[in-house]
Amino acid sequence: MLRMVTRNAIFLALICSISLVLIIYSILFVRGNYMVPLFWDQWEFAIDLAKSKQDTLSLQYLFAAHNEHVIATTKLLFFLDYYFFSLTNGPLIVSIGIATFCIAWLLAKLLFVNDKENKYFYPFFLLFSASGFSLAQWENLLWGFQPQFYLVLIFTLISCLIGLKVSDREQVTSPWWFAGLLVTTGLGVFSMGNGIALPVSIIILFVLRRYRPIKTVLYAFVAALFIGAFVVLTRGAPSVGDPALKTLGNLVSFFFGMLGSPISNRGGIAAICGLVLFGAYSILFVVCILIPFLRRRSLDEAFVGLFTLASFLFATAVGAAWGRSALGTGAALASRYATPMLVLWMTLFAILFRVTVRSEHRPSHRQVRSGLCILLALSVAAWTSLKPGNIVSVGQANAVNQAGYFLSSGVGIDEQLLKLYPTPGRIRPAIDFLRDAKLNLFAENPELSALRWKKWTDKPAQACERGAVDKVQRLSASGWQAVGWVTNVARQNPSWIVAVDSSQNVLGYTVPLQPRSDVVKAIGLSDSYRGFVVPVNMASADPALPVSLLAIFGEDESPCRLNLPPLPKGPFLIQPGEFVPLRTEVIHSGAAASPGVPPTLIISTPYKGAEISGTWVSSDEDVGGVTYNVLDAVCQNVIVPILRGPSAEGLSLVVKTNGRLIFADTKQLDSLPPHLWQYLQINAFDTCKEGEKLDLSITLEDNGRGWGAWGAMATPAFQR
């Protein structure tokens with residue numbers, strides 16, 4: 001007997017240890033990869049703040065619809081982050097971590113609701129915490145903009161526990177508990193759209209517990225008021241996706257795919273796992289709840305609470321399928337949905353564990369059966385956290401953080417802002433507000449301030465022995481980016497890359513975030529090594545002066561320096577606007593024509609009054625060139641509309657002024673999407689001096705004979 005007790009203690013200690021390792025692994029991962037910039041929903045909050053601080057303090061704003069949700073409790077967290085932490089996002093990430101521990105604690109409480117002191121409580125708490133920190137839900141863990149997924153679960157679990165307490169027929173509870181249940185229900189409803197399922201689940205709990213009808217009706221009445229208010233507040237919410245995709249087959253596929261999404265990123269496998277999960281719950285519900293209830297037997301309190309929670313989570317999946325199947329069944333695999341679904345999986349294992357410890361079948365094997373349930377739950381927590389697809393997906397978080405460094409360095413181009421919000425123009429006033437108010441990326445954070453770099457930029461720096469600048473690319477009138485890699489004798493990643501001018505003024509900075517498998521292979525570095533893409537902001541600096549990059553490795557090592565080549569003066573992409581054609585002369589050479597594009601494509605002119613000239617005459621094998629000479633124009637910025645076919649093979653753009661070459665590039669066209677007009681701006685003072693006449697020629701050369709190798713330009717213009 002003593003040996004069995006010792007074995008069980010060792011087993012539980014092992015479960016606790018593995019769970020702790022998983023928790024620490026995830027926390028460290030989140031600490032190193034969480035997103036600092038505002039993202040999506042948070043920009044909505046910043047936009048509203050920029051318009052009126054006073055309006056955002058109102059109850060009307062707090063309960064205003066957010067798409068088809070009301071996220072009042074999440075907005076409260078946004079307020080706290082704004083007022084006390086300058087919208088720096090870190091506190092929101094911490095709050096999500098705290099919420100994860102709360103959910104694990106409450107779920108363990110629900111499992112052992114009628115066992116005051118149970119030796120399994122803390123192992124299950126740690127096990128549920130490990131699942132709660134699973135990186136299968138990396139979006140919610142790394143983005144501070146979706147605490148609502150956790151808040152609605154907390155209020156649901158609290159409501160289940162209070163519901164069990166007030167419906168206990170063997171003890172008298174204070175009316176305050178019933179009032180508390182109404183409060184937590186309301187908070188759940190106004191935390192997220194799926195919160196409207198919470199009252200239904202609690203009513204199911206009351207029915208299973210045969211709670212007093214008058215109190216059940218009273219609860220249902222108040223809950224109906226909450227739901228009615230929710231419906232009124234969200235009335236007219238915009239629909240998403242294609243309504244034609246909302247078919248019965250897609251709804252079912254979405255539902256089961258979402259249930260299994262924590263287990264697999266493949267739709268078919270996820271749907272099978274979801275079907276197994278649903279089948280297991282169905283069997284357990286019939287055996288543990290339905291049959292005893294119909295036979296008027298007393299139901300186990302923990303079973304009732306756990307199945308009540310499960311009913312809410314299944315309703316969550318139904319609601320998501322109804323609202324998001326129009327985006328396609330693949331949307332069911334979004335990692336944000338893994339948060340409630342992981343709780344659903346852990347609830348299943350909690351029920352199975354409860355079944356094993358209550359079963360009278362072969363009592364001597366009870367401990368073995370319960371141990372298998374625990375191991376199965378731990379396996380799911382470990383697999384969902386460590387599966388390879390998680391790390392690959394986190395690349396999106398790195399892209400967002402990279403955009404943040406561009407923004408905080410003053411190079412806020414649309415290409416980077418699109419990683420933060422789908423319509424960059426809409427958030428530009430909010431960016432100005434954040435900068436003026438010193439919020440988020442512009443907060444007085446010593447990690448990102450000029451003072452942070454002063455002690456490094458003032459130090460003499462030797463040339464980096466291991467490193468290179470692969471490319472310097474112009475992004476805007478005053479913005480460039482430098483792409484490259486650098487390491488030290490110890491083959492480490494630098495902590496920071498800082499761009500400075502000859503006076504040691506900071507022009508931009510970044511953390512190395514770019515995977516560089518080529519460097520890893522050539523130099524023999526670890527797979528975690530990262531290269532850099534650092535912004536260079538020359539708005540207040542002289543582009544003619546030399547620029548260098550400081551690679552900072554830490555407090556105990558002097559920085560090293562990479563010198564940049566002269567900053568290129570070439571054209572850069574801008575967004576479409578109101579353009580007016582310049583007077584030009586067009587010259588076709590070789591195979592070129594107007595419009596010079598494949599007749600099977602429907603390509604309209606990029607702006608009113610423009611004419612198209614391209615290098616497609618009879619086939620993709622045509623080669624030739626199109627040159628526009630700008631005539632009798634004053635010195636000004638010139639906009640060149642340009643597009644290409646599916647392949648940029650052999651395409652190059654050459655810009656000359658007064659016969660002097662100022663730009664020739666074959667790579668810039670590679671990054672352009674095919675068959676879509678893009679707009680290149682040639683900066684005025686790269687080509688002429690103020691007051692002079694503009695003498696400019698722009699040539700698109702096509703020397704490619706492969707499939708899809710052709711290009712076209714339209715009449716150069718100036719922007720109103």
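Contact here means heavy atoms within 4.5 Å. Among contacts in the chain between residues at least 6 apart in sequence, those joining residues at least 24 apart make up 76%. The model is a predicted one. Its chain has 720 residues, of which 54% are buried. The chain holds 23 helices and 21 strands, and its C-alpha atoms fill a box of roughly 95 × 60 × 55 Å along the principal axes.

- Four strands form an open sheet in the order 2-3-7-6, and their pairing is antiparallel.
- The edges are held by strand 2 and by strand 6 (514-515); each has a single partner strand, so one side of each lacks a neighbour in the sheet.
- Helix 18 (residues 395-408) packs on this sheet and touches strand 3, strand 6 and strand 7 (530-537). The direction of helix 18 makes about 25° with that of strand 7.
- Strand 2 covers residues 466-474 and strand 3 covers residues 479-487; eight bridges pair them in the antiparallel sense.
- The link from strand 2 to strand 3 is a hairpin of four residues.
- Two positions show how these strands line up: Arg474 stands opposite Trp480 in strand 3, and Gln473 has Gln481 of strand 3 as its bridge partner.
- In general, side chains in a regular strand alternate between the two faces of the sheet.

- A second open sheet has five strands in the order 1-9-8-4-5, with mixed pairing.
- Strand 1 (462-463) and strand 5 (506-510) are the edge strands, each pairing on one side only.
- Strand 4 (residues 496-501) runs antiparallel to strand 5, and four bridges join the two.
- Across from Ile497 stands Thr510 in strand 5.
- In general, the strands of a sheet pair through backbone hydrogen bonds, in either a parallel or an antiparallel way.

**Helix 8 and helix 9**

- Helix 8 spans residues 148-166 and helix 9 spans residues 175-189; their axes come within 9 Å and cross at roughly 155°.
- An angle over 145 degrees counts as roughly antiparallel, and helix 8 and helix 9 are therefore roughly antiparallel to each other.
- The crossing of these two helices is left-handed.
- On the helix 8 side, the contact is made by Val152, Phe155, Ile158, Ser159, Ile162, Gly163, Lys165 and Val166.
- Helix 9 contributes Trp177, Phe178, Gly180, Leu181, Thr184, Thr185, Leu187 and Gly188.
- Sorted by class, the residues in the contact of helix 8 with helix 9 are nine nonpolar, six polar and one charged.

- Ala130 lies in helix 6 (residues 121-132).
- The relative accessible area of Ala130 is 1%. Buried means under 20%, so Ala130 is buried.
- Apart from neighbours within four places in sequence, the residues in contact with Ala130 are Ser19, Leu22, Ile23 and Ala381.
- Val380 is 250 residues from Ala130 along the chain, and the C-alpha atoms of the two are separated by 10.0 Å.

Terms used
Residues numbered from 1 in each chain as written. Predicted model: local features only at pLDDT ≥ 70, side-chain atom pairs only at ≥ 80, totals over all residues. Heavy atoms only, no water. Pairing = 2+ DSSP bridges. Axes fitted to C-alpha atoms, helices over the stretch in contact; angles between N-to-C directions. Parallel < 35°, antiparallel > 145°, perpendicular 65-115°, else oblique. Left-handed = near helix turned anticlockwise from the far one by under 90°. Nonpolar A, V, L, I, M, F, W, Y, C, P; charged D, E, K, R; others polar. Buried < 20%, exposed > 50% of the residue type's maximum accessible area, 1.4 Å probe, protein only.
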